[in-house]
Amino acid sequence: MVYGSAMALPTRAHVFHLADLLAGHVRGLRCPSCGARGASEVLKKHLGVASIYRCGACELLFRPTGLQTGRVAAWYYSRLYGNQGIATEPQDDTRETALVRAREAGKDRSTLVATLLPLLPEGARTIGVVGASWGYELLCMEHLGLPLYGIEPGEPRREHGKRRFGLALFADAREARAAGHGGGLVMSSHVLEHIAELEATLDAVQRELTPFMQVHVTPRVDPFTSELAPTIGREHPLGVTEAFWRRWAARHGRAVSFRTHRPEPHMPAGELVTIVYDPTRVAPSEIEAIRFAGQEGEERA
Ligand SMILES: [Zn+2]
């Protein structure tokens, strides 16, 4: 007996995605992050069901989403999100093979992080990873010899990293703070575009961890063109714009500096590297002087 291709069957994640899109329309296309109404459609996708909008208030790009909040989002990331690839799947690996695999998959951000560390006071050189999964980025940074911790809302991945590799992983910023972590450098790589309630998440990181500096890597979405349509979709409801960062940083008395990095051939506009810093503690000229391996063009602030 011949069955249809398994690829054609909707997975639970696809069903959730459709429900999420429809719930987003029912909510009146509010911005999932700041809750503002009155977003403007910037690109029609799937007959408008999955169109991409720009929030007039916080300037994030987003597709409709109505379910990815609070506990539902935590459940989604624990149970449905991502069924393949090193980024999400707990591997039955040893520490060594997990490290090799992470590096081969381009998950090693230790060079980027090491470039920024000299700007931190010597006693404040710790590294926190937001969206740490089971800790592959932490493994890649262990050779830096600094205290490391990660925040991962997905319980199976978090528990896997704690159990198998003995990593310091926490469900949220508050829990990390309660365990004595904070200050230092907080980073994320291809995580923020997945978090519908981004502003609240970044606010919690700022409030609970009070990082000396932050660096976040997201798919570049400025200027947004139809070529970039695939960067906002099922697994990543947001497009994180430079304008969003400027507003968020200003609200917290921070400054931002941007770089473009192009490691991924499938990412047409490359990656946006955003450095968030306190201009009263680090001179903007010091930030501007930073050059990363793989960085493209001139920095903009
Ligand atoms: Zn908004």
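# Close-up views of a predicted model

The protein chain has ten helices and twelve strands. The model shown in every view is predicted, and buried residues make up 41% of its 301 residues. Among contacts between residues at least 6 apart in sequence, 65% join residues at least 24 apart.

**View 1. The largest nonpolar core and the surroundings of M213.** The largest nonpolar core comprises 64 residues, and those with the most contacts inside it are L60, L61, L185, M213, V215 and L238. In soluble globular proteins, nonpolar side chains tend to be buried together.

View 2. The chain passes from β4 through α5 to β5 in a β-α-β crossover that is right-handed. Strand β7, residues 185-189, also runs parallel to β4 and is joined to it by three bridges, with L185 of β7 standing opposite I127.

**View 3. The open antiparallel sheet.** Four strands form an open sheet in the order β1-β2-β3-β9, with antiparallel pairing. Because β1 (40-43) and β9 stand at the edges and have a single partner strand each, one side of each is left without a neighbour in the sheet. Strand β2, residues 52-54, and strand β3, residues 61-62, pair in the antiparallel sense over two bridges, and here Y53 stands opposite F62 of β3.

**View 4. Helix α9 and the elements that cover it.** In helix α9, which spans residues 242-251, the residues F244, W245, W248 and A249 are buried. Seen down the axis of α9, these buried residues fall within an arc of 120 degrees, so they line one face of the helix. An α-helix has 3.6 residues a turn, so residues three or four places apart point the same way. The cover over the buried residues of α9 includes α8 (198-209), β10 (255-261) and β11 (271-277). Just after α9, G253 takes a positive phi of about 65 degrees.

**View 5. Helix α6 against β6.** The buried residues of helix α6, which spans residues 155-165, are R157, R158, H160 and G161. They cover an arc of only 160 degrees around the axis, which puts them on the same side of α6. These buried residues of α6 pack against β6 (169-170), and G166, just after the helix, takes a positive phi of about 65 degrees.

View 6. Leaving aside neighbours within four places in sequence, V273 is in contact with V215, V217, F258, R259, H261 and F292. The C-alpha atoms of V273 and S188, which are 85 residues apart along the chain, are separated by 9.9 Å.

View 7. Most residues other than glycine have a negative phi, and most peptide bonds are trans. S133, although not a glycine, has a positive phi of about 55 degrees; S133 is found in the loop between β4 (127-130) and α5 (136-141), and with 26 C-beta neighbours inside 10 Å it counts as buried. T210, another residue other than glycine, has a positive phi near 35 degrees and is placed in the loop between α8 and β8, where, with 13 C-beta neighbours inside 10 Å, T210 counts as partly exposed. The peptide bond from D222 to P223 is cis, with omega near -15 degrees, and P223 is found in the loop between β8 (213-219) and β9 (238-239).

Terms used:
Residues numbered from 1 in each chain as written. Predicted model: local features only at pLDDT ≥ 70, side-chain atom pairs only at ≥ 80, totals over all residues. Core = buried A, V, L, I, M, F, W, Y, C linked by C-beta atoms within 7 Å. Buried ≥ 20, exposed ≤ 12 C-beta atoms within 10 Å, placed from the backbone. Contact = placed C-beta atoms within 7 Å. Arc of directions from axis to C-beta. Right-handed = clockwise from strand over helix to strand, strands pointing away. Pairing = 2+ DSSP bridges.
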